[in-house]
Amino acid sequence: QFSAEDIAAWASTDFPSLLELQRDGLNGWIYFSREKVSLSKGLTVHGKGILMFADEAVFADDSVFTDRIIVLADKNLIIGNNVRLDKALLLCRGKLTVGTDSLINGAVLTQQQVNLGNGTRVTVDTEVMEPYDSIISY
């Protein structure tokens, strides 16, 4: 059993603005949001990090995460069309929906159903299951 709320106290800082996320990357931080989050179309994010969502999260079309990320979603996780997650561990308690022609390289664990669009590929990368170092601030 996993829950973003259970580990929210470990979050490094408040969820960044989309501009900060694109400009600064993840940099090993643990980000937590209690609100519904919708990442903008065409967003490119560098750096490894952990994204935790207590409510629904949407990764809009043409988004790219270039480094290792862990996504912990307590509710539905929606990944748009042509999204690329180069090294991702997705842990989703709700429904996972992925649009067309997307790539998830890593591992996906869900408690509910998974819907993959046409041309979407999920490839195995066991490195995403290895222990993870992050920045934790108080």
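Predicted model: local features only at pLDDT ≥ 70, side-chain atom pairs only at ≥ 80, totals over all residues.
Residues are numbered from 1 along each chain as its sequence is written, and side-chain values use heavy atoms, with hydrogens and water left out.

**Stop 1: the fold.** Switch to a cartoon view. Trace the chain and the order reads β-α-β-β-β-β-β-β-β-β-β-β-β-β.

Now think about contacts (heavy atoms within 4.5 Å). Of those with a separation of 6 or more, 22% join residues 24 or more positions apart.

**Stop 2: the aromatic cluster.** Select Phe 53, Phe 59 and Phe 65, which form one aromatic cluster. Rings of Phe, Tyr and Trp (its six-membered ring) pair if their centres lie within 6.5 Å; planes under 30 degrees apart count as stacked, over 60 as edge-to-face and the rest as tilted. The protein has two aromatic pairs by this rule. In one of them, Phe 53 and Phe 59, the ring centres are 6.3 Å apart and the planes stand at 75°, so the pair is edge-to-face. Phe 53 is buried at 0% relative accessible area. Phe 59 is buried too, at 1%.

**Stop 3: Ser 63.** Move to the loop between strand E6 (57-59) and strand E7 (64-73), where Ser 63 sits. Is Ser 63 buried or exposed? Ser 63 is buried, with a relative accessible area of 0%. Show its side chain: a polar atom there lies 2.7 Å from the backbone oxygen of Ala 60. Leaving aside residues up to four places away in sequence, Ser 63 touches Ser 40, Gly 42, Leu 43, Asn 82, Val 83 and Arg 84.

**Stop 4: the surface.** The accessible surface is about 6,900 Å², and carbon and sulfur atoms hold 48% of it. Such areas come from the Shrake-Rupley method with a 1.4 Å probe; for residues, only the protein chains shown count as cover.

Finish with Leu 116, in strand E12 (residues 114-116). Leu 116 is partly exposed, at 45% relative accessible area.

How values were computed: Helix = DSSP H or I, 4+ residues; strand = E, 2+ residues; numbered from the N terminus. Buried < 20%, exposed > 50% of the residue type's maximum accessible area, 1.4 Å probe, protein only. Polar contact = N/O pair within 3.5 Å; in protein donor to acceptor, adjacent residues only side chain to side chain.
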